[in-house]
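Where does this protein leave open space, and what lines it? The report below takes up these two topics in turn.

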Amino acid sequence: MTDKLDKTPGPADAAPEQVPPDIIRAIPVRHYGRWVSAVVVVAVLGALVYAFAQGNVRWATVTDKLFDGSILTGLWHTILISVVSMAVGLILGVLFAVMRLSKNPVTSSVAWLYIWFFRGTPVYVQLLIWFNLALIFPILNLGFYKDYMTAVMTPFLAALLGLGLNEGAYMAEIVRAGIQSVDEGQTEASHALGMTQMQTMRRVVLPQSMRVIIPPTGNEFINMLKTSSLVVAVQYQDLLRSAQDVAATSFAVMEMLFVASIWYLALTSVFSVGQYYLERRFARGSLRSLPPTPLQRIKSNLLSLSHWRR
Amino acid sequence: MTAQPMVKAEGVHKSFGPAHILKGIDLEVAEGEVFCLIGPSGSGKSTFLRCINHLEQINAGRLYVDGELVGYRQKGDKLYELKDSEVALKRRDIGMVFQRFNLFPHMTAVENVMEAPVQVKRESKAVARERALKLLDRVGLADKAGNYPSQLSGGQQQRVAIARALAMDPKLMLFDEPTSALDPELVGDVLDVMRGLAEDGMTMIVVTHEMGFAREVGDSLVFMDDGVVVEAGHPRDVLTNPQHDRTKSFLSKVL
């Protein structure tokens, strides 16, 4: 009950006359090296900015086309294909991670084969394979559904299959690492309570593995946002392709690449913030007290600032 | 009812690969009894305990809980392995408390206690929560219901773990060195809770190094060494007047 400690000294335990400690005022060490390196770095940075300012860049075009209708449509398509592919990747990742860890040798070998193939070939090649599937299967026949492959394999579907299946292989390994990071005692405790394998996985193991799974998954998603630019190969109208289309008619090649870069940076920045909050959510229980969010930190800083002023 | 033992082991053997851990264990635990297992580390006490709720599968012999075979179904003279779901069903009636607590760290104390009743017995959350709070009160932690395990001391965590096991209304409680991972000053609280359970007539099998607890609360005591039962009897007799040399030398080291 230390929090009930009385801070005001009573008459009985009044402290004897306090001698203020002799505060040390020493001359701090001078770090000359730091000054030199700072000057060098600033100089290089300045030269770089100067070069771009002098370069033949029509900056007005960049700001002009930033919110162009076709660019915004491309941006939306990039977000759409990234999110949907990532969702497919996550579902496949959990599925194949569980299969890989299963005691059934057939399912675990199939999972191994899947990971081996989709992680072992370039995603660009995979995109092209899906896109050109009609060359070997002109007609898609699922028994209950039959159509020309070219009609089924739209640019969106080819992009989704290419990115999603590739992502699934990476996610499977991330999820597997997460599952294996959970202490065996947790599974035992859950089993001892009479919970089944499925309940143990869903209620005990997966929630705890999330802490290990989320940070690399955030990386994967940011990677996905950028890798999605490869879908240009399958004629999908994403951000990069929209930028290139505008460039082709306006002859502003570099300008439009800058526009695309600005949007990619904006997307990855926004999702990094989201990742921070997601990690914080799943840290519950593993940290004694959660770190403050940036917003809370700013608030408390302002508060302390106003205290200090008074 | 009293005639049938709660746990009965007949020639139980267990090996991990080439390591022969249990070399023929025979013992009986009566209903309502506090049964203490002592012995040096590596003697197979914990392994035997884990066999009782089928966390480990025995290689030879027969093990019965409440008259039913553990892990198998017998038809004629053939044994059939039980399905995972059937094993899970039997484990409902056996509570287990681990040396390292093994609380679920992503759930609060009360959520830990509610988890099995809600998931396994399909109780409503409201009912389970009310009972969980009562159980936490019983182990003296009513005010810690909303805390995560990382915010509790070792002794508090172990008491939550006991409450979690009790939430399934077990007819048998297994304790695997429940106080070995605790700071000395926290051991007492956990032993008090166990003493209370014993007074309420719970059948308990306790693997322990707490000789005081065994002497005071135990109804019978078994000294195990190297995978066999060396000596069995009333705790007072075995602890104060051991017959075998191995028991004597072990007790001289721990008492």
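## Terms and basis

A pocket, on a 1 Å grid over the protein atoms alone, is an open set of points where a 1.4 Å probe fits, with protein on both sides within 12 Å along at least five of seven lines, and its lining residues have an atom within 4 Å of a point. Grid points are joined across faces, edges and corners, and a volume is the space filled by probe spheres set on the points.

This is a predicted model, in which totals for linings use all residues. Residues are numbered from 1 along each chain as its sequence is written, and chains are lettered from A in the order in which they are written.

## The largest pocket

The largest pocket has a volume of about 1,100 Å³, and among its 29 lining residues Lys103(A), Thr187(A), His191(A), Gln197(A) and Asp84(B) are the closest to its centre. Two or more lining residues come from each of H3 (69-101), H7 (155-181), H8 (184-192) and H9 (197-227) of chain A and from H2 (84-91) of chain B, where helices are DSSP runs (H or I, at least four residues) numbered from the N terminus. H9(A) gives the largest share, 5 residues.

## The second largest pocket

For the second largest pocket the volume is about 870 Å³, and Pro207(A), Gln208(A), Pro105(B), His106(B) and Met107(B) lie nearest its centre among 33 lining residues. Helices H9 and H11 (253-282) of chain A, together with H3 (109-119) and H4 (125-138) of chain B, each give two or more residues to this lining, and the largest share, 6 residues, is again from H9(A).

Notes. This is a predicted model: local features need pLDDT of at least 70, side-chain atom pairs count only at pLDDT 80 or more; totals for chains, interfaces and linings use all residues. Side-chain values use heavy atoms; hydrogens and water are left out.
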